[in-house]
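Here are my notes on the model you sent. Please read them with the structure open.

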Amino acid sequence: CHQKIAAGSMARLLKMELQKRSSRNTTFVDCDDLNDLTRLFSYVGQDTETFVILGSPDILTRKWCVGEMCTARSHKVNTVLLKWPDFVNPDHDFITKYDSIVPDISELVNYNIGLAEVQETMAWINTVQAVNVPSMVSLEAMEHICSSLTGSLRYPSHSDAESPDCIIVSD
């Protein structure tokens, strides 16, 4: 899951890089493939092998993203947090005061996700595998991130050696 403004371009780049590695890597970015928002949580809980949280600073305050996280936790989906440099792990105060920090979280009750599930998920976030994302994302950083997610290394092809040493992403 990702916050569109802070991590939309990274989500797109990550999807492209993962798909380049192997045709077996199927990636789902909700803004590409989701036609029915009510199915979002079932995609996470039933159709996801590895759930990736793009840990931008405000991701934990986005109710739909939090709903996805709750679903991943409750369905025991393997989860990886890609931590932006300014991401802050939820602490005790954040967790206990969550409903006052994010008042619209109560709307998730319609999907059987209550405050208790959200608070458990916030504590759980501190236990999932985390990969640090550098402030300047390079080709090497993307290689490390993708390898962390897939458990495999991609050997550069001849055309990769001629690639520029910077990444330009436009959203």
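1. Basis. This is a predicted model: local features need pLDDT of at least 70, side-chain atom pairs count only at pLDDT 80 or more, and totals for chains, interfaces and linings use all residues. Residues are numbered from 1 along each chain as its sequence is written, and side-chain values use heavy atoms, without hydrogens or water.

2. Strands. Helices (H or I, at least four residues) and strands (E, at least two) are DSSP runs, numbered from the N terminus. Strand β1 spans residues 50-55, and five of its six residues are buried (under 20% relative accessible area, 1.4 Å probe, protein chains only; exposed is over 50%, partly exposed in between). β1 pairs with strand β2, residues 78-83, in the parallel sense over six bridges (pairing takes at least two DSSP bridges). Leucine 54 has leucine 82 in β2 as its bridge partner.

3. Crossover. From β1 the chain passes through helix α4, residues 63-74, to β2; this β-α-β crossover is right-handed (clockwise from the first strand over the helix to the second, with the strands pointing away from the viewer).

4. Threonine 71. This residue sits in helix α4. Threonine 71 is buried because its relative accessible area is 6%. Threonine 71 touches Phe41, Val44, Gly45 and Ile113, leaving aside residues up to four places away in sequence (contact: heavy atoms within 4.5 Å). Its side chain reaches the backbone oxygen of glycine 67 at 2.9 Å.

5. Methionine 142. Helix α8, residues 139-150, holds methionine 142. Methionine 142 counts as buried because its relative accessibility is 2%. Its C-alpha atom is 9.6 Å from that of leucine 18, 124 residues apart along the chain.

Technical notes:
A polar contact is a pair of N or O atoms within 3.5 Å; within protein, one must be able to donate a hydrogen and the other to accept it, and residues adjacent in sequence count only if both atoms are side-chain atoms.
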